[in-house]
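Q: I am new to this structure. Please take a close look at its salt bridges and walk me through them.

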Amino acid sequence: MPTIWEYADQVAAGDTGLWQAATRRAAILLAPTHPVISLPYRMPVHQVLVQTTALVVYGRTRTAGTPGHVVTGFELAAWVAEHVLPGPDAGPGAVAAAVRRQLDSIAGMLRSTGHHVPEPGPRALRRYSSDPVVRLWHDLADVDDAPGLGAFPLLCLGVAAMSDTFGPAIV
């Protein structure tokens, strides 16, 4: 199992600038509870947690309006509280609306920093980008054509894992 630091460098995908700084900040925030990243065969919860946290840290850092802004665990907890999926008693369409809000929020942050973030689509090899941030966006936002859980983007799993890590789930 890789350490959180090794995995954060993998997520940075060779970047040595602001994206790498965000992945390392995500590792700092996650290290107390996730010092190593398990690599399961089926549900990559730990990997998706690191990836989603890195995207949110990157977006929050770059859109803060304050040079040198350092994202805190409290800031991530507040962001997650605003973006968590509703519980099972929510009305019709509430989950779909919450998923769309998660996607729009992160895409909006990334677009405002100059990345060309496409709308989520079906997972496909042709949806490739040389930009490591956009490449990760594809991994987390695009969905499989298969029915069931494949209809939900991995980003939802990442936000749920962030909720478990940075604060209680608000439903």
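A: Here is a walk through the salt bridges, pair by pair. The model is a predicted one. The count comes to seven salt bridges.

Start in helix H5, which spans residues 94-112. Asp104 forms a salt bridge with Arg100 there. Their closest N and O atoms are 2.8 Å apart. Asp104 is partly exposed, with a relative accessible area of 39%. Arg100 is partly exposed as well, at 33%.

Next come Glu119 and Arg111. Their side chains meet in a salt bridge, at 3.5 Å from N to O. Glu119 has a relative accessibility of 42%, so it counts as partly exposed, between the 20% and 50% cut-offs. Arg111, at 34%, is also partly exposed.

Now turn to Arg127 and Asp142. This pair forms a salt bridge too, with the closest N and O atoms 2.8 Å apart. Arg127 lies in the loop between H5 and helix H6 (132-141). Asp142 lies in the loop between H6 and helix H7 (154-166). The pair therefore ties together parts that are 15 residues apart in sequence. Arg127 is buried, and so is Asp142. For each of them, that means a relative accessible area under 20%.

Some of these residues belong together. Salt bridges that share partners join Arg100, Asp104, Arg111 and Glu119 into one network.

Technical notes. Residues numbered from 1 in each chain as written. Predicted model: local features only at pLDDT ≥ 70, side-chain atom pairs only at ≥ 80, totals over all residues. Heavy atoms only, no water. Salt bridge = Lys/Arg side-chain N within 4 Å of Asp/Glu carboxyl O. Helix = DSSP H or I, 4+ residues; strand = E, 2+ residues; numbered from the N terminus. Buried < 20%, exposed > 50% of the residue type's maximum accessible area, 1.4 Å probe, protein only.
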